[in-house]
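I wanted to look up where the ligand sits and what surrounds that place, and then to turn to the second chain. My entries follow the structure.

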Amino acid sequence: MARPLTLYEKIWNAHVVDRRDDGTCLLYIDRHLVHEVTSPQAFEALRAAGRRVRRPELTLAVPDHNLPTTPRLDADGRLLPIADAESAAQLDALRANTAAFGIDYIDATAAEQGIVHVVGPELGFTLPGTTLVCGDSHTSAHGALGALAFGIGTSEVEHVLATQTLLLKQSRTMEIRVDGTLGFGVSPKDVILAIIGRIGAAGGTGYVVEYTGEVIRAMSVEGRLTIANMSIEGGARAGLVAPDETTFAYLKNRPMAPAGADWDRAVAWWRTLPTDAGAAYDRSVVIDAADIAPSLTWGTSPEDVVPITGTVPDPDGFADPAKRVAARKSLDYMGLAPGTRMQDVSVEHVFIGSCTNGRIEDLRAAASVVGGRRVADGVRAMVVPGSGLVKRQAEAEGLDRVFTGAGFEWREPGCSMCLAMNPDKVPPGERCASTSNRNFVGRQGPGARTHLVSPAMAAAAAVTGRLSDVRDLMGAES
Amino acid sequence: MTPVTTVAGTAYPWGAKNVDTDVIIPAHWLKTIKRSGLGKGAFETVRAQPGNLFDDPRYAGSPILIAGDNFGCGSSREHAAWALADMGVRAVIAPSFSDIFSGNAFKNGIVPVVLPQPAIDRLLVAAADAEITVDLETMTVTTAYQDRFPFELDPFRRRCLMEGLDEVGLTLAQDTQISNFEGAASVARPWVEGRRRYEGIAVAGSRRT
Ligand code: SF4
């Protein structure tokens, strides 16, 4: 019998164009997503070398990072100009480059526009068993559907455009198994924060992670997307979830998903992909769901995780001297004193959105906590749907009114306050409870202080004005 | 790409762990459509602090940067490599690198040298007053104090660096092999060819649950 294989090995093997003696493989790339920030220099290089795009039909482009989240059309339906000249130039470059090279481009005013990692899955562009890349590290998100998906640099974007392949070495494999069932008020975001808190921000470096266990199996595709999205925050370039009935149900009838006989053939192949019994991972981590509480970050690395019931740690308590230094600097930047109860920390901003938590289930979770409450005085809270389709869906369900009625801003889709590249920024020294994925120094704006939380926890922070245990608010309702 | 065989000179003795790409080049610098000129934005938040390493005249223009674990973690932005190259950095020495950053570094003629923490600790001290040499021929890092640390590099990447090869050009030479793969894949997995265009999407209330 053939050697049992992992999901990762099966996808890898199906895409090897050439294997060299040293183990480097030329790997075929099935899907390529392109956005405005990491692509202009790749197109420029193609032009300079007189090269073409090999398979434009396997590439899809959508602007997201730079785009302001204010209305895009005026009352007469005319396109509003973008005030920032550099952003406008980058967005124009994407439009012009995709037109010149024959690549599908979703315009900023299209209903399908959104964050590239929200758009791919919801259009059915992302499929199980495919290799998918994008010039963006959170491409790991697409692994939630069982695609081998990872972020690449701009030179690699150029390489994929020109050759539809990449030169890669196989990674080691890590299984992260989450057993049991999630407790009351615990969301997929808490699961991935707990995982990164456990393995560390570099714990997955050199590995491709596969998430397994009852918790992952019971989770919706949207929850899995939240988890796989943050694989890179644990150092892993890609994170995979084996495709199953949940995946197929999610994909069926999506506009770019296979249909008819193609669908049946695809599903038949997808069913062969899950890791074989007896296949070996290079490393395994097991987490008990009972140990996961609603969680958040206290510092400036995504590994700086505590339960909401916890306190700001004392840097002297870390065994690793480098971590002690880093923690001291983090706390200084974050304006926090060791021993402070996380729930005593007040916030000025709340951001609900991003490719981690900007999907419909995230907005539903946040809205359910908001209920009839109001955003606390002194808090600026915004909800930014991950795509135009998410926005429409939310509006069809009346979620927008729940948010705006409570005093949240309801904005147009894009990366928004996840990173300081568009007008949505957290001012210096101010504090934000954010559903995004990075709490790096300056990520949400120079001097901005970020606490990564789930959508429900963000909503709780918005209505109380401080970092709060969402279970207290949920408890009050039940 | 210009071939790189040795990188020699002073080194920024930094040693910081988990230096992320937002620290190397903050997001607002990513609005450029060019590769050049990003050195101005490199380590902007670090440079905002008085007495910082990067503005210390002893190290100005150093071709080498010494850092801690997990250098270049975070975003895939190749701007981080472009910014380092633009400020004159040709080699980064650290105990580990993020996977994406090290790929980006190679493609821009920056050598990511992996050395164990004790070697890093020694180099941080030596760099205060000695030049450091990264030699790709012998695969060693040496100092004027007779320190000598061997390192490893992926053979293909080493060759690309030393010969200044263009990876895209190399792969395009395998065109027939790629076409053969495509032919076989379109028979085995025809659905991957894709339904072109995101046409006619109706977002009625009920489809997404
Ligand atoms: S939402 Fe944030 S993490 Fe996601 S693609 Fe945009 S900037 Fe990157």
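I looked first at the space taken by the ligand, and in this predicted model that space is the largest cavity. A cavity here is a set of points, on a 1 Å grid over the protein atoms alone, where a 1.4 Å probe fits but cannot get out, and lining residues have an atom within 4 Å of a point; a molecule sits in a cavity if more than half of its atoms lie within 2 Å of its grid points.

I noted about 220 Å³ of space in the largest cavity. Of its 23 lining residues, A:H65, A:D136, A:H138, A:L419 and A:R443 are the closest to the centre. I sorted the lining by class into 7 nonpolar, 11 polar and 5 charged residues.

I then listed the shell around the ligand (heavy atoms within 4 Å), which includes A:I115, A:H117, A:C355, A:C415 and A:C418. The shell has 5 nonpolar, 5 polar and 2 charged residues, and at least three of its residues come from each of domain 1 (7-168) and domain 3 (295-472) of chain A.

I kept two notes on conventions: residues are numbered from 1 along each chain as its sequence is written, and chains are lettered from A in the order in which they are written. Local features need pLDDT of at least 70, side-chain atom pairs count only at pLDDT 80 or more, totals for chains, interfaces and linings use all residues, and side-chain values use heavy atoms, with hydrogens and water left out.

Key
On a 1 Å grid over the protein atoms alone, a cavity is a set of points where a 1.4 Å probe fits but cannot get out, and a pocket is an open set with protein on both sides within 12 Å along at least five of seven lines; lining residues have an atom within 4 Å of a point. Ala, Val, Leu, Ile, Met, Phe, Trp, Tyr, Cys and Pro count as nonpolar, Asp, Glu, Lys and Arg as charged, and the others, Gly among them, as polar. Domain bounds come from an automatic or database domain assignment. Grid points are joined across faces, edges and corners, and a volume is the space filled by probe spheres set on the points.
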